[in-house]
Each structure stands twice: as structure tokens, then as C-alpha cells.
Amino acid sequence: MTDTFTKDIVDGLTAKDKHLPSKYFYDDNGSRIFQEIMNMPEYYPTNAEFEILSMQSKQIIEALKFSRPFNIVELGAGDGFKTFKLLEYLVNNEVDFHYVPIDISQEAIDILTRRLKEKLPALKIDPKVGDYFEILKDNRQSDYPSLLLFLGGNIGNYLEHKAKELLALFHKNMKRGDKLLIGFDLKKNPIIIHNAYYDKHGITKRFNLNLLVRINRTLDADFKIDDFDFYCHYSPITGDVKSYIVSLRKQTVHLKAIDKYIHFDYDELIWTELSKKYALEEINDLAEHAKFKVEHNFLDCKHYFTDSLWQK
């Protein structure tokens, strides 16, 4: 991880237009800050998806049409807050399934496993920490069909060509008849989206600046956090929310672990995250491109979000 991390950080910070991969937000501290973001009243995606999975669990399971025991494999399980209602429905109705949560954070998986064992003692759970696709390779050997969960609108963090590559990888690592339930944040009133991502509490700012804290810790760097700020912009035409760290002065940062100096101009930007919002037609196009069939779009009551069920 450290070698890849180092390369990605150096490549991003020495590029003409500086950028940092958003996947590195989620160290243990970043995962904790993201829990705070999800608890903000303005951050609608969590509640919208929670409503779908709470109110439509029965319809989702019926739509699977699995006639025998199956696996639920969740990619990026986090704290499992949203998925809990789906799991609870299955356990209470004595459906025969295994839950396989996957996350890159050991702490997140430990907390999730402990909570689920307390709340759903009958749940058959097989937690995994690590890379999605290494673990999915093992899952392909299973005799049982699988429902893959890729929730939370995470697909929106990928540029279009990368999203297509990711979905192609999902397709490749699934068996015929497997299903994918994938969360998409939908285009809506731009003010609602702006308030969710450029929050007045400063939590999203802390989330972004924690990436600099992580670089300080991992690469013995000397980023002065107070010399950087956060900016976010939403384009309602493209559906792109773009987040940036802003250098507040001309400065040089030393990555001592690799003896590398990074120079910043006054007001220079570091692009940290894309969070794309989709129209339903775009979702259908993405599925078709990756050779999936869209079976149903489960929507919340405000039509802010959809969990889209696809079949290989």
C-alpha cells in the first residue's frame, strides 16, 4: 500500500494540475469524519438510500428471484448503517444467505462485525478486508448466486471512463445470473446538492484536509494545515460536484520520507474528488455499455437517489 500510496501522491502533487486520489480519504480517521458527514441534516444521500433499503427490502429481495441460498457481497461496507435494514429483513424472514462485507479499513470492518453480531446474532457473516477484486475472484468459485452491493453513490466518484472500467470489472468477476444493486445520486435542485457538499459545519473541509494529515504521517511531510482551505463546485449541466484543496499562500512542502519538495503557488488548487450526479437515462447507458440489464430502479420518495438493480 505504502509504495502505491507514495507513487500516487507524488504523481498527483507534481502534475501540472495537482490532484489527489479520493480513495485515500478513507484511513481510519477519514472514515470517522465521513460518518460525521453522513449524519449532517444537509447530506441527503444517506437518508434517501436508507429509506429505499428500509421501505423496499421486500421488493428488492423479491426482484432478485433467487430460488436457493445466496451471498450478499458488499463492496465498501463502511459502518453498514444503510444495509442493516436489508439484512434485518432477511434474517427476520429466515432467508438463507451469507453476508460478505468488504472494506479497506480494518477498523470499519471490526466495528461493523461487532455491531451486526450484537443486533443480528443469527446473521451468517464472513467479513473481508482488502481489495474488492481479489476477494471477488474467490466469490466466483461459490456455488451460490450473489447479490453485489455497491451503495452510497460511490460510482459517482469515478470519471466516466473509469466508471465504465469498474463496471466492466464487476461484470467480469460475477457469475451469470448474479445481480448488482448499485447506488446512484440523481440530478436535482442544485441548491440541495451544493448545501450537502459545501456544508456550513466545515466537516467536508476537515474530511479533505485530513488527506494532508495522512500524507504528513505516512511520508513525514510538513503540510501546515492552516495554510490550506477547501472549495467545492457543482455543475448542474454535467452533474459533476468537484472538490478542491486550496493553497492559501506560496509555499513549499517537504516529503521527508522520500526527500521530495512540492511547490505551491498562491491560491493553487489540488483536485481531490469528483461526485457525479446522474439522470436515469445515463444510468441505463452505463449498464448497457457494461453488458448489464437494468431490472428495476428503486427510488426514494423525493426521487433524490436510486438503488438500481442490474443482472449479468
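# Strands, helices and a pocket

Trainee: In β5, which residue is the bridge partner of Leu 149?

Mentor: The model is predicted: local features need pLDDT of at least 70, side-chain atom pairs count only at pLDDT 80 or more, and totals for chains, interfaces and linings use all residues. Residues are numbered from 1 along each chain as its sequence is written, and side-chain values use heavy atoms, without hydrogens and water. Strands (E, at least two residues) and helices (H or I, at least four) are DSSP runs, numbered from the N terminus. In β5, Leu 149 is bridged to Leu 181.

Trainee: How many bridges join β4 to β5?

Mentor: Strands pair if DSSP finds at least two bridges between them. Leu 148 stands opposite Leu 180, and Phe 150 faces Ile 182. β4 and β5 (residues 179–185) run parallel, and the number of bridges joining them is 4.

Trainee: On the β1 side, which residue of β4 stands opposite Ile 72?

Mentor: β1 (residues 70–75) also pairs with β4 in the parallel sense, over 4 bridges.

Trainee: Why is β4 described as largely enclosed by the rest of the structure?

Mentor: Buried means under 20% relative accessible area, exposed over 50%, and partly exposed in between (1.4 Å probe, protein chains only). Ser 146, Leu 148 and Phe 150 point one way from β4, Leu 147 and Leu 149 point the other way, and all are buried. β4 spans residues 146–150, and it is largely enclosed because the buried count is 5 of 5.

Trainee: How many residues of β5 are buried?

Mentor: In a regular strand the side chains alternate between the two faces of the sheet. Lys 179, Leu 181, Gly 183 and Asp 185 point one way from β5, with Leu 180, Ile 182 and Phe 184 pointing the other way, and all are buried. The buried count for β5 is 7 of 7.

Trainee: Which strands stand at the edges of the sheet?

Mentor: The sheet is open, has 7 strands and shows mixed pairing, in the order β3-β2-β1-β4-β5-β12-β11. Each edge strand has a single partner, so one side of each is left without a neighbour in the sheet; these strands are β3 (128–129) and β11 (293–299).

Trainee: Within what arc do the buried residues of α4 fall?

Mentor: Helix α4 covers residues 57–64, and its buried residues are Ser 57, Ile 60, Ile 61, Ala 63 and Leu 64. The arc is taken from the directions from the helix axis to the C-beta atoms. Seen down the axis, the buried residues line one face of α4, because their arc is within 160°.

Trainee: Which loop holds Asp 259?

Mentor: Asp 259 has a positive phi near 50° in a residue other than glycine. It is exposed, with a relative accessible area of 54%. Its loop is the one between β8 (251–255) and β9 (260–264).

Trainee: How far apart in space are Ile 37 and Tyr 197, C-alpha to C-alpha?

Mentor: Ile 37 sits in helix α2 (residues 28–38) and is buried at 4% relative accessibility. Ile 37 and Tyr 197 are 160 residues apart in sequence, and their C-alpha to C-alpha distance is 9.0 Å.

Trainee: How many disulfides does the structure hold?

Mentor: Cys 232 is buried at 5% relative accessible area, whereas Cys 301 is exposed at 61%. A disulfide is a pair of cysteine sulfur atoms within 2.5 Å. The number of disulfides in the structure is 0.

Trainee: What volume does the second largest pocket have?

Mentor: On a 1 Å grid over the protein atoms alone, a pocket is an open set of points where a 1.4 Å probe fits, with protein on both sides within 12 Å along at least five of seven lines; lining residues have an atom within 4 Å of a point. Points are joined across faces, edges and corners, and a volume is the space filled by probe spheres set on them. The volume of the second largest pocket is about 210 Å³.

Trainee: Which elements give two or more residues to the lining of that second largest pocket?

Mentor: The lining includes Tyr 158, Lys 164, Asp 240, Leu 274 and Asp 285. The elements that give two or more residues to it are α8 (160–172), β10 (269–276) and α11 (280–289).
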